[in-house]
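Please have the sequence and the model open while reading.

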Amino acid sequence: MTLLWGIFGIDMNVWLDAFLRLQIVVIVMTVTVMGLIYLERKFVGRIQMRLGPMRTGPFGTLQSIADALKLLTKEDVRPATADFWLFELAPYVTFVPVFMTLLALPFMEGWFVRDLQLGLFYIVAISGVTVIGYLMAGWASDNKYALLGAVRSAAQLISYEIPLILGVLAVSMVAGSLNLNDITRQQDTIPNLLLQPLPFMILLIAILAELSRRPFDIPIGESELVGGPWVEYSGIRWSIIFALTEYAGLWGFSILGALVFLGGWQFPFGTSSFWGDFDFLYQLVLVFTKSFFIILTMMWISATFPRLRIDQLMAFCWKVLLPFGFLQVLVNGIVLTYADDETVRDVLLFLTSGALLVVMTYAIYLATRQPSREERVGSMIAARSAQ
């Protein structure tokens, strides 16, 4: 007996049900990835005052399909001195953890591949395994540029994994659970975004870094390292890395953000029987709309900010995100311990997290602010006078 097929009044074996759910996730993921590739090209094109894909199909809608066919039929080249097994398996070790995160995400009330009591912990833990694939690819390619890119990738992914954990930990403290269904149900009146704006911002930044998207795309920056740990990959293996892994991760983390911070299917109207047997469609549209908003936000950030240097990237994590993440967890512990009234607790959580977000924003501004022309001229005059 399962919830998915129970909508249609069908009883099914639990293993068969899990298998069918898995196939649905694979199909939806593949279609979504192809759609996101097209969407980013058009969305970023508009930001940069250009059209994006226009030639392949109506308004370029078939461009993703053309790219997929090209990558499937492209010659697969492997360096003669590469380690065979590590080189072959690295793309799959990178992609499989990203796909496994989708299996614990509830896409609507009662629909998931598996409902895990520690679902939030599982997603954060399994997503960190991708760093092994980066190291395998860099080492197995027998290429110094690939190895250097792998080391940079490992340093970046391991570093930004900590702020990501602190962000979701702060929310789980407020919700009192690590179960994604429970966290979503508790947001029937107030989404966690209002109670914890700082962890949401930390999560958003950490996701960009975990996916190596601009402005944190240093490991694969063509101007610096030609292609990062994947410089020797081509054809289908390259598509697994850049298409499936990156965009499936973008989609999965966006759904996670929609569930944990934006109320998922619960906010703003909660689960209702207004739609009758088709209420699940309303929930599905609500979750996908919120995740779509997060995806567009990350694409907007990627198209706006320039790439950081490696020292700036690491300093931003360890000197800004990490201290404020720890501070948020500490403040949440104090508020949840001493605030007995629920309304007072929510107000204090909002005020403290909002204040920390303002302070962090100001700290980022001071760290990135460029001196004015008068200040630059004054410093030049002072330097010449000193000489």
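Is R214 buried, partly exposed or exposed? R214 is partly exposed, with a relative accessible area of 35%; buried means under 20% relative accessible area, exposed over 50%, and partly exposed in between (1.4 Å probe, protein chains only).

This is a predicted model, in which local features need pLDDT of at least 70 and side-chain atom pairs count only at pLDDT 80 or more, while totals for chains, interfaces and linings use all residues. Residues are numbered from 1 along each chain as its sequence is written, and side-chain values use heavy atoms, with hydrogens and water left out.

The structure holds ten salt bridges, each defined as a side-chain nitrogen of Lys or Arg within 4 Å of a carboxyl oxygen of Asp or Glu. The table lists three of them, including the N to O distance.

| E40 | R214 | 3.9 Å |

Salt bridges with shared partners join E40, R213, R214 and E246 into one network. E40 is buried at 7% relative accessibility.

F95 lies in helix α4 (residues 84-102); helices are DSSP runs of H or I with at least four residues, numbered from the N terminus. F95 counts as buried because its relative accessibility is 14%. Contacts of F95 (heavy atoms within 4.5 Å) include M29, I240, L244 and T245, leaving aside residues up to four places away in sequence.

Definitions and conventions. Helices (H or I, at least four residues) and strands (E, at least two) are DSSP runs, numbered from the N terminus.
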